[in-house]
Amino acid sequence: SFAAPGARALVVDDNPINLKVAEGLLAPYMMSVETAGSGKEALRLVQERAYDLVFMDHMMPGMDGLETVAAIRALGGDRARLAIVALTANAVSGARERFLENGFDDFLSKPIEFAKLDALLSKWIPGELWRAPGAPQGASGGASGPGKLSLSIPGLDAIPGLDAAFGLRMTLGRAREYRALLELFARDAEARAGGLEALGSEPDLQALAARAHALKSSAASVGAAALARQAEELEGAGRAGDAKRARALAESFHKELISLIASIRAALARGEEGPEREAPCGGLPARETLRALRAALAGENIGQVDGILAALDGLGLAGEEAALLRAIGESVLVSEMGEAAALVDKWLERAP
């Protein structure tokens, strides 16, 4: 409903997928968005910089959300009055009241719904920072808002257990962003899946619950709702100390997770190799485009980076160019702008 290019927000979450989804949903508002992967990092950033709004995950290893908010409030001054919104995948009855009693100002459940996010931002971003809304940077088909987005990607629509239309909504219809998010999900989920299929006689149920919680949130964000529900059941068994039920749930959950990861990777590979991905005549990027991408990366202009990458993706590149574009997109996805810039430099060396 508005843009706020003068506003600054901080998103705090230990899950990189959740951070990228939140960044993408906030992109149309044109505000400056920074991220922190832990409560400790968030506390440091809040002391160093002024923010208009903080989104805080409540379940993080080390310093959790409640502890982080308490530490921020203890700083006093403007930090005591800073608007902080709780992010949680456990939207149980009474959760909002619990967060408000512990120093939070508001509550937003994960996966984030765009309409609820818009209402929340309208409430907490100061009105003097508002301006008329603009189109999301890099949205597919020149869409002007989430109601006009193309919500279909051939190949991904047919993956059992994956609602690609929902996942695309989480990236505001940007197919390149959703593909990159799925690649990140596959890597992250595979790393977290270790040990789920064969728990020992005395499993660490709290650690298991934490792992299931992270996978629940990630699965929900990419559109794997059924898998997210399985993770929620596994998390509940772990927190309840029910080892027998946890073992049974972990085994079936692991099978479904590995199957989904394999299906995602196969679909993404088919998308890269299919005829629609072959470079058309004259489809190689101009040096000016690559130089513009290099400058946008140097200036950390995420909106411009997204737009240029989307344009490059539309060229239907193949071979080494396609591999370079994919690697750059992955680096941008995890905020490694220097690494992405180095890849662009490599591309410029070989560009005609």
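**Helices, core and cavities: a chat about a predicted model**

Trainee: Which residues have the most contacts inside the largest nonpolar core?
Mentor: That core has 65 residues. Helix α10, covering residues 243-273, gives the most to this core, with 10 residues. The residues with the most contacts inside the core are Phe55, Leu121, Leu162, Phe185, Leu234 and Leu257.

Trainee: Let's pick Leu234. Which residues is Leu234 in contact with, leaving aside neighbours within four places in sequence?
Mentor: Leu234 is on the list of residues with the most contacts inside the core, so let's go through its partners, using the rule that contact means heavy atoms within 4.5 Å. With those sequence neighbours set aside, the partners of Leu234 are Leu196, Leu208, Ala212, Ala246, Leu249, Ala250 and Phe253.

Trainee: How many cavities of 30 Å³ or more are there, and what is the volume of the largest cavity?
Mentor: Rolling a probe the size of a water molecule over the atoms shows where empty space is left. The count here comes to 2 cavities of 30 Å³ or more. The largest cavity has a volume of about 60 Å³.

Trainee: Which helix gives the largest share of the lining of that largest cavity?
Mentor: Start with the lining itself: Asn18, Val21, Ala22, Leu87, Lys110, Pro111, Ile112 and Ser221. By type, they split into 5 nonpolar, 2 polar and 1 charged. The largest share, 3 residues, comes from residues 16-26, that is, helix α1.

Trainee: Pro111 was in the lining of the largest cavity. What kind of peptide bond joins Lys110 and Pro111?
Mentor: First, place Pro111 in the chain: it is found in the loop between β5 (106-109) and α5 (114-124). Now look at omega for the bond joining Lys110 and Pro111, which is about 0 degrees. That bond is cis.

Trainee: Now for Met30: is it buried, exposed or partly exposed?
Mentor: Met30 is found in the loop between α1 and β2 (32-36), and it has a positive phi of about 65 degrees although it is not a glycine. Its relative accessible area is 33%. Buried needs under 20% and exposed needs over 50%, so Met30 is partly exposed.

Trainee: Last one, Ile308: buried or exposed?
Mentor: Ile308 is found in helix α12, residues 302-313. Not counting residues up to four places away in sequence, Ile308 touches Thr289, Ala292 and Leu293. Its relative accessibility is 12%, and the cut-off is under 20%, so Ile308 counts as buried.

Trainee: And how many Å separate the C-alpha atoms of Ile308 and Leu290?
Mentor: Along the chain, Ile308 and Leu290 are 18 residues apart.

Terms used:
Residues numbered from 1 in each chain as written. Predicted model: local features only at pLDDT ≥ 70, side-chain atom pairs only at ≥ 80, totals over all residues. Heavy atoms only, no water. 1 Å grid on protein atoms, 1.4 Å probe; cavity = no way out; pocket = protein on both sides within 12 Å on 5 of 7 lines; lining within 4 Å. Points joined across faces, edges and corners; volume = space filled by probe spheres on them. Helix = DSSP H or I, 4+ residues; strand = E, 2+ residues; numbered from the N terminus. Nonpolar A, V, L, I, M, F, W, Y, C, P; charged D, E, K, R; others polar. Core = buried A, V, L, I, M, F, W, Y, C linked by side-chain atoms within 4.5 Å. Buried < 20%, exposed > 50% of the residue type's maximum accessible area, 1.4 Å probe, protein only.
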